[in-house]
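Work through the exercises below with the sequence and the model open. Try each task before you read its solution.

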Amino acid sequence: MSKNVVKLMQGNEACVEGALAAGLQFYAGYPITPSTEIAEICSAKLPLVGGKFIQMEDEIAGMAAIIGASLAGLKSMTATSGPGFSLKQENIGYAAMAQIPCVVVDVMRAGPSTGLPTAPSQGDVMQAKWGTHGDHPTISLTPNSVREAYDLTIRAFNLSEKYRTPVFLLMDEIIGHLRERIEIPNPDEYEVFDRLKPTPNDKNYKAYAVKEGEIVPRMASFGEGFSYHVTGLVYDEYGFPKTDTDVAENLLNHLMSKIDNNVDDIITYEETQTDDAELLIIAYGGVARAASKAVKECREQGMKVGLFRPITLWPFPEKRVNKLTQKSKKVLVVEMNLGQYVIPVHRVKEPDSKVFQYGKVNGEPISPDEIIKKIKEAY
Amino acid sequence: MEQEQKKKKNLKTIREWCKGCGICVAFCPVKVLELENEKVKVLDYDKCTRCGLCELRCPDLAIYLEEDQNE
Amino acid sequence: MSLGSPIVKEYFRSDRLPHIWCPGCGHGVIMRGVVMAIDNLKLDKKKVCVVSGIGCSSRASGYMDFNTLHTTHGRALAFATGVKLANPELEVIVVTGDGDCTAIGGNHFIHAARRNIDITTIIFNNKIYGMTGGQYSPATPLHEVGTTAPYGTVDPDFDICKLAVGAGSSYVARSTAYHANQLIKYIQKGIENKGFSVIEAISGCPTYYGRKNKKGDAVDLMNYYKDNALDIKAAEKLPEDKKVGKFLTGEFHHEAKPEYVSEYMKIVEKVQKERSENE
């Protein structure tokens, strides 16, 4: 087995390398701190692999362009930060409705509004779930290392192709701008998934019908001979707008169930010493690094503390969190916002398990000592 | 030849699509069209010169010239 | 047996007709014009992609039997840019309205023009927001009425063709639903133009624009265009007083300019060649 290449790499750069490994061929975006390195590296690297880069006139256009490119058959990505993520929401909803595979990277900076552009935060977590109007499926992944930024970008593409939906890489600025050692996986160490295509010149191809035993409609690319229609209106099996209530209900059920029925495939998480934890910390992304150090130190002081780190933030890992809170009677959610991911924790935890929340929004990362102090208060 | 070739095409209308807007009636150079309870009606197929202006300006694609298959 | 003329049978999804536009709305004439231009050019249907935004105009994509993409309000050109850059083989045609293109879509309109990307944009200009019930748009003539300008607008309206030329389009023309043959010719030339082409097609909205501004019904609007359109070549020879109350039609701009996607593809080829040379 050939040795892996080892490099010193920034999180944003690892995201691009992962995207290229997953088959990225099209990037459209707009400069915004702290994500711009992703655009810059794509502009340099994509032409080398016959891919294409375009800097659009705003984030709305960036999101629109990647949907267009995906419909033309290319794996497409855009990257932004809070303000741009807000601007992209309507077209993100369009991609969810029309079932268009694409990856949206949100390198989270301190908000709201212009906020602290170079400072980290985790304040877009709920926006990732509820940012656009209406009910729609959401998948978002959050890395806590440069290597995981690489791996999760590949996974984001695979999930978006497999479930025909936009997938978010919600990376806080800590990881986006962090430079650290990374062992680049060899191609045989990861899987690359491509969208299922209709059989060529299949006369009765229905653009939005789901075949027996399959999860999503097969997706033809524009120009391959299937002249089909794509819209953001409620649509039928052929993709044409319909106002019938049953068509609307079936469509929404399909959009939601294709994710809800496959949470075990989509949700991943990492646990540290949760088996006998009386107090469970829930933390994700860059903050989870400080949390794991806090767990280590508290364990050394004889405290039964564990860490649950969701890697898939959405869909929310309900089963596992409920299970864990059957043992751990105390839960401390630590995140760089004023209490967002703690909300679903409240909803799914065991009734007799008590939830504490520690949030910080001043632009400074949460330190292990701060977490240790909170643990001791709650323990 | 032009006149001859044109002769073969005949005026066709689609009642279901016509919305009775009256554009074809207004701009038919030989006035062979009219509206009858809000649907286009061809008064005289022979007087029609097959100029195609009705088809050109019909917003509903409901009137057109077509070669008859059976001729 | 599918209904309709040979053109309809060949290029329309006739089972989806009759369309939703009001009796006498010019949009049907313009939609047919787009298809006639495609037919005249004998384009390969599989390679035609029609992208539309939101509004009355933008329902056209659903009726035409091509790769069709009905996007979000104002964003058709941004979606279309993604499609065109991703697959330059596709003949990308954007169908949009005066509001869709020059109000919410204004930023994408001027940037697509600035890039001179090979997209043909047909603006169905009915000078009002029809779908939402008759509000005035950036194309509603000054002092005219809309449901949100019951006392007449104080918004000066765009000259969409000047805007298109100023932003960098390489082909710009204006015609009307009355001058349908001329319109078809301009759409054809727009498609043939290897660059950003804008065809402003003045439509007729009897339901709102005509009614609210007391300009009569569909036939009156058609007659208005017949009597008041003035071709720019003819206008050059006319004294000012003859031009009062008229509006200009014709070809405003036609210029060969580097086209965005082909320029980008040159870079891709150069970069790949350089890399393989020093490998």
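**Exercise 1. The contact of chain B and chain C**

Task: Find how many residues each chain gives to the contact, and how much area chain B and chain C bury between them.

Solution. Step one: count residues in contact, meaning heavy atoms within 4.5 Å. Chain B gives 19 residues and chain C gives 31 residues. Step two: take the buried area, the accessible area (1.4 Å probe) that two parts lose on being put together, summed over both. Chain B and chain C bury about 2100 Å², with 68% of it on carbon and sulfur atoms. Step three: look at the side of chain B. W17(B), L56(B) and L61(B) lose the most area to chain C, together 33% of what that side buries.

This is a predicted model, in which local features need pLDDT of at least 70 and side-chain atom pairs count only at pLDDT 80 or more, while totals for chains, interfaces and linings use all residues. Residues are numbered from 1 along each chain as its sequence is written, chains are lettered from A and ligands numbered from 1 in the order in which they are written, and side-chain values use heavy atoms, with hydrogens and water left out.

**Exercise 2. Chain A and its neighbours**

Task: Which of the 2 pairs of chains in contact shares the most contacts?

Solution. Chains A and C share the most. Chain A and chain B do not touch; their nearest C-alpha atoms are 19 Å apart. The contact of chains A and C takes 41 residues from chain A and 39 residues from chain C. The area buried there is about 3200 Å², of which carbon and sulfur atoms give 60%. Now the salt bridges: the rule finds 1 across this interface. E57(A) and R115(C) meet in a salt bridge at 2.6 Å, N to O. Finally, the elements: β3 (52–55), α3 (59–71), α4 (82–97) and β10 (229–231) of chain A each give two or more residues to the side that touches chain C. The largest share, 8 residues, comes from α3(A).

**Exercise 3. Strands and a loop residue**

Task: Which strand of chain C pairs with β10(A)? Is N87(C) buried or exposed?

Solution. Two strands pair if DSSP finds at least two bridges between them. β10(A) pairs with β2 (residues 67–70) of chain C in the parallel sense, over 3 bridges. T231(A) stands opposite H70(C) in β2(C).

Then locate N87(C), in the loop between α4 (76–86) and β3 (91–97) of chain C. Use the cut-offs: buried means under 20% relative accessible area, exposed over 50%, partly exposed in between (1.4 Å probe, protein chains only). N87(C) has a relative accessible area of 14%, so this residue is buried. Not counting residues up to four places away in sequence, N87(C) touches A72(A) and F222(A).

Conventions
A salt bridge is a side-chain nitrogen of Lys or Arg within 4 Å of a carboxyl oxygen of Asp or Glu. Helices (H or I, at least four residues) and strands (E, at least two) are DSSP runs, numbered from the N terminus.
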